[in-house]
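This briefing concerns the protein shown below.

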Amino acid sequence: MSAVLLVLMIPRGGLGEREVHVAFLGDEGTGGRRQRAVRDQLQRRDPRLVFLLGDNVYDEGQAERIRERYDDIYQPVMMRGATFHAALGNHDVKRCSVAPLDPLGAGADAYRWQTPGCDVEDHLNHAAFGYRDRRRYYSVGSSDGSSPLMEVFVLDSNTLGDAKLDPPREDGAQLEWLDAALTRSRAVWKVVALHHPLHSGYSKESREEMRRGLRAQLKPIFESHEVDAVFSGHDHIYSRGTPSGGVRYFVSGGGGGGLYHVEELPDDIAVAGSFHHFVYVRATESVFEYYAIDSEGRSRDAGSFVKGASVDVPFPAGTLPPR
């Protein structure tokens with residue numbers, strides 16, 4: 001009997017391997033009951049790192065709104081030891097216009113942040129959002145040595161792709177930074193977090209122009225550096241794409257905002273659904289596991305993959321991450 005119990009306690013990734021536990025969610029910043037319900041499930045899973053995928057405060061990011069719709073909401077998760085990091089969404093810079101600079105800066109100076117109603121500086125300066133060095137793009141490695149198990153590269157997609165900037169600007173500096181940062185990385189798993197998705201189960205045609213632009217700019221970089229997974233928000237759904245160029249594309253836009261309707265799935269999407277949720281990731285040195293957990297604590301999609309695999313291993317319906 002004792003031998004059987006020992007086998008059941010061995011993690012799926014293998015005995016003695018390093019582990020990292022990370023959560024991703026976007027479009028959460030309403031301050032409402034749905035955001036709190038997702039927060040409650042997030043707290044029960046107790047991740048060490050949480051990445052917000054943009055639209056972190058609707059619709060203005062001034063100090064009082066940040067406190068009400070962010071600090072007060074996630075304080076219980078932070079008090080359990082989770083560290084948060086954020087990506088800028090389009091609502092986080094809704095009243096901002098791009099600065100007349102070439103190249104664009106890595107901080108608030110990329111936008112006309114002194115324009116009335118532009119709150120980008122409030123976001124970047126707010127310590128609890130976790131923007132590294134007040135930069136709008138940066139990377140975070142898991143705290144396990146010079147060769148981290150996972151490194152997450154956070155981007156500002158508002159200035160990438162075919163973004164409707166006024167006036168139009170290229171953000172080549174951000175792309176150059178990403179290419180160089182991925183080159184330097186010694187992480188086992190390389191993950192990207194940004195607001196706008198490259199692939200999505202929300203098939204609204206008006207969003208496709210932005211996606212095409214992002215794919216043209218980012219996919220060559222992702223694929224050449226063997227990025228493992230990309231997490232985005234913007235579309236208020238959950239979706240998981242079929243592996244493309246070795247990269248898994250997830251949309252996690254169900255953190256608290258109103259949901260979008262999922263219709264017929266595009267060919268590049270494996271699973272999609274309209275429900276409030278976050279994505280929980282458990283990664284070891286050998287396997288990357290993902291779980292879409294809804295606001296009632298149910299697992300709505302779960303599976304795993306190993307390095308170089310062209311297909312995922314699906315978990316049985318309802319599988320939750322091990323405690």
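The largest nonpolar core of this predicted model has 62 residues. Within that core, the residues with the most contacts are Phe-24, Leu-42, Phe-84, Val-120, Met-150, Phe-231 and Phe-288. Another core, of 22 residues, lies apart from it and includes Phe-153, Val-192, Val-227 and Val-230.

**Surroundings of Phe-231**
- Beyond its neighbours within four places in sequence, Phe-231 is in contact with Phe-24 and Phe-288, among others.
- The contacts of Phe-231 also include Val-191, Val-192, Ala-193 and Leu-194.
- Leu-53, Phe-250, Val-279 and Val-281 are likewise in contact with Phe-231.

**Overall build**
- The protein contains six helices and 14 strands.
- A compact globule of 323 residues would have a radius of gyration near 20 Å, and the 19 Å of the protein therefore agrees with such a globule.
- The C-alpha trace spans about 70 × 45 × 40 Å along its principal axes.
- Of the contacts between residues at least 6 apart in sequence, 69% join residues at least 24 apart.

**Burial, surface and charge**
- Buried residues account for 54% of the 323 residues.
- The accessible surface is about 13,700 Å², and carbon and sulfur atoms contribute 50% of that area.
- The protein carries 38 positive and 46 negative charges, whose mean positions are 4 Å apart.

**Cis peptide bonds**
- Most peptide bonds are trans.
- Asp-59 belongs to the loop between β2 (49-52) and α3 (63-79).
- A cis bond also leads from Asp-102 to Pro-103, where omega is near 5 degrees.
- Pro-103 is located in the loop between β3 (83-86) and α4 (120-125).

- Most residues other than glycine have a negative phi.
- Asp-55, in contrast, has a positive phi near 55 degrees, and its place is in the loop between β2 and α3.
- The relative accessible area of Asp-55 is 2%, so this residue is buried.
- His-234 has a positive phi of about 75 degrees and lies in the loop between β7 (229-232) and β8 (238-241).
- His-234 counts as buried because its relative accessibility is 15%, which is under the 20% cut-off.

Technical notes:
Residues are numbered from 1 along each chain as its sequence is written. This is a predicted model: local features need pLDDT of at least 70, side-chain atom pairs count only at pLDDT 80 or more; totals for chains, interfaces and linings use all residues. Side-chain values use heavy atoms; hydrogens and water are left out. Helices (H or I, at least four residues) and strands (E, at least two) are DSSP runs, numbered from the N terminus. The radius of gyration is taken over C-alpha atoms; the globule rule is 2.2 Å times the number of residues to the power 0.38. Buried means under 20% relative accessible area, exposed over 50%, partly exposed in between (1.4 Å probe, protein chains only). Contact means heavy atoms within 4.5 Å. Accessible areas come from the Shrake-Rupley method with a 1.4 Å probe; for residues, only the protein chains shown count as cover. Lys and Arg count as positive and Asp and Glu as negative; His and the chain ends are not counted. The place of a charge is taken as NZ of Lys, CZ of Arg, CG of Asp or CD of Glu. A nonpolar core is a set of buried Ala, Val, Leu, Ile, Met, Phe, Trp, Tyr and Cys residues joined through side-chain atoms within 4.5 Å.
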